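Subject: Structure for you to look at

Hello,

Here is the structure I said I would pass on. Please open it alongside this message and follow the residues as they come up.

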Amino acid sequence: MTPLARRTPAREAARRGRLVSAAVALVLAANFGASTPVAFADTLEDQQAALNAEAARVQQSLEFVDAKIAKAAGDLVVYQGQLPGAQQALLDAQGRVAGAVKEVEALAARVDLAQQNKAKITQQLENDKQKITDTKKLIGQIASQAYKSGGVPSNLSLFFGSNQGGSLTDTIDLADQALRSQNSAMDKLSQQNATNVNSQARLQAVEAEITDLKAKADAALAREKAARDEAEAKKAQVDKLIADTNRLNGELQAAKPGIQSQIAQVKARQDSVAAEIVERDRKLREAWEAEQRRIAEAAAAAAAAAARAQGQVQAKPAPYVPAPPGPVSAFALRSPFNGVPITSGFGWRATPPGTIDFYGQGGYMHTGIDFGAACGTPVYAPAAGTIVSAGWGNDGGGNNVKISHGVVQGNSLTTIFYHNTSVAVSVGQQVSQGQLIAYSGTTGNSTGCHSHFETWVNGKAVDPMGLL
């Protein structure tokens, strides 16, 4: 692949990254509006834990509504939270593709340069080989010419003066000339041989470099392919998150009218339950107050009779004034669970940012606390009382248990348990504190095993933590 061709995928990857970034931004802006992002921690595990906690908060905000919708809303929050990280991971992967492409291009250029160097050295070796051949030929020609000219005289012939008619000076000049020519040729041959040896060594080094560069280039190509595969996988993940986000948002928007109708029905049923508690507790307090009045009046009558029997003048009795209610701690409630943590508190639950406000009020009032009890965990009566409801209810709470604890120091108390797997009591049954009444679960509109616990004092829902 040529360097020009290799640059194209990198530019294409960068272009795709920009398009994905724009698409994600448009989807988030169009579907969810301005939202508060989940605050991510340093590690992926912490980030996912934060997302899961946010999803749980969304699901809790839709308790008693619809388990499927609550799950979809929670998943939507997770997908929203995962999108920025997935988008960044895609951009990082595309950056690694670009880096791998540059590495491959650089290695390819180095291989090309080394190949050119090898070609030059090879050509130089061929030239040197020809020069050596020519020099050897020249040396042979010098030797042949010397032979034809009678050769170089020996010391004996020079000593005895036998030069075949030539003068001694001529003979020495010829010998000197022949020796200089031959020595020059031999020096040249030696230099050419040395150059040839050096070129051979350079050729071996270049060939070793080419082999090493090709191995590195192959490894770089493998890394480029892996980077491209990773980028494709990251892009598929981003595409899926966007598709899932659009799908869930569409489902929730489409279901919104039905959900709001269901919320209204559940609210009406919960208001009816609240009204029942208010009326029952009112009667209980009236009966208790009547009994307290009767007791006070009987005590006053007895005191008056005793005074008359002793001939004492009895003062006119003061009008009866009910005593003010005592502290609610007088009920001495115990926790309905042994060592189970509380996962959600009492109070207003705001609609989490970025999700649909099905209530139209920015949230709703969570009238109890949630225990993170596993399904099948025993539930115990927090105080003695009478079972006024046991079994399935149509208020979104599934299997419920409601206990009337009567009136203590002028205060009436009702406790309620929702989402039980099963109940172990029946209506009208008297239970004692600590008695098994149910097994926790996830019935009704619930997305996971837990127990919703409520305390109603004088017909009004209060924070159970003030009584436990």
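A residue is called buried when its relative accessible area is under 20%, exposed when it is over 50%, and partly exposed in between. Keep in mind throughout that this is a predicted model.

I342 is a case for that rule: its relative accessible area is 38%, so I342 counts as partly exposed. I342 belongs to strand 1, which covers residues 342-344. Together with M465 and L468, I342 makes a nonpolar surface patch of about 250 Å².

Now the chain as a whole. It has 468 residues, and 36% of them are buried. Its secondary structure consists of five helices and 13 strands. Among contacts with a separation of 6 or more, 74% are between residues 24 or more positions apart.

Next, the nonpolar cores. The largest one has 19 residues, and the members that touch the most others in it are L252 and F358. Helix 3 (67-148) and helix 5 (168-309) each supply at least two of its residues. Helix 3 gives the most, namely eight. Which residues is L252 in contact with, leaving aside its neighbours within four places in sequence? They are I69, A72, A73, L76, I356 and F358. There is also a second, separate core, made of 16 residues, and its members include I369, I403, I437 and F453.

F453 comes up again among the aromatic rings. There are three aromatic pairs in the model. In one of them, F371 and F453 have ring centres 6.3 Å apart and planes at 50°, so this pair is tilted. F371 is in strand 4 (residues 369-371) and F453 is in strand 12 (residues 451-457), so the pair ties together parts of the chain that are 82 residues apart in sequence. Both F371 and F453 are buried.

F453 also pairs with F417, and here the rings are stacked, at 4.9 Å from centre to centre with 25° between the planes. This pair links distant parts of the chain too: F417 sits in strand 8 (residues 411-420) and F453 in strand 12, 36 residues apart. F417 is buried, as is F453. Taken together, F337, F371, F417 and F453 form one aromatic cluster.

The last item is backbone angles. Most residues other than glycine have a negative phi.

- H419 is not a glycine, yet its phi is positive, at about 70°. H419 is in strand 8. Is H419 buried or exposed? Its relative accessibility is 0%, so H419 counts as buried.
- N458 is not a glycine either, and its phi is positive, at about 55°. N458 lies in the loop between strand 12 and strand 13 (460-462). Its relative accessibility is 30%, so N458 counts as partly exposed.

Regards

Note on methods: Residues numbered from 1 in each chain as written. Predicted model: local features only at pLDDT ≥ 70, side-chain atom pairs only at ≥ 80, totals over all residues. Heavy atoms only, no water. Patch = residues over 30% accessible without salt bridge, like charges linked within 9 Å, V, L, I, M, F, W, Y side chains within 5 Å. Areas by Shrake-Rupley, 256 points an atom, 1.4 Å probe, with all protein chains shown as cover. Salt bridge = Lys/Arg side-chain N within 4 Å of Asp/Glu carboxyl O. Helix = DSSP H or I, 4+ residues; strand = E, 2+ residues; numbered from the N terminus. Buried < 20%, exposed > 50% of the residue type's maximum accessible area, 1.4 Å probe, protein only. Core = buried A, V, L, I, M, F, W, Y, C linked by side-chain atoms within 4.5 Å. Contact = heavy atoms within 4.5 Å. Phe/Tyr/Trp six-rings, centres within 6.5 Å; stacked < 30°, edge-to-face > 60°.
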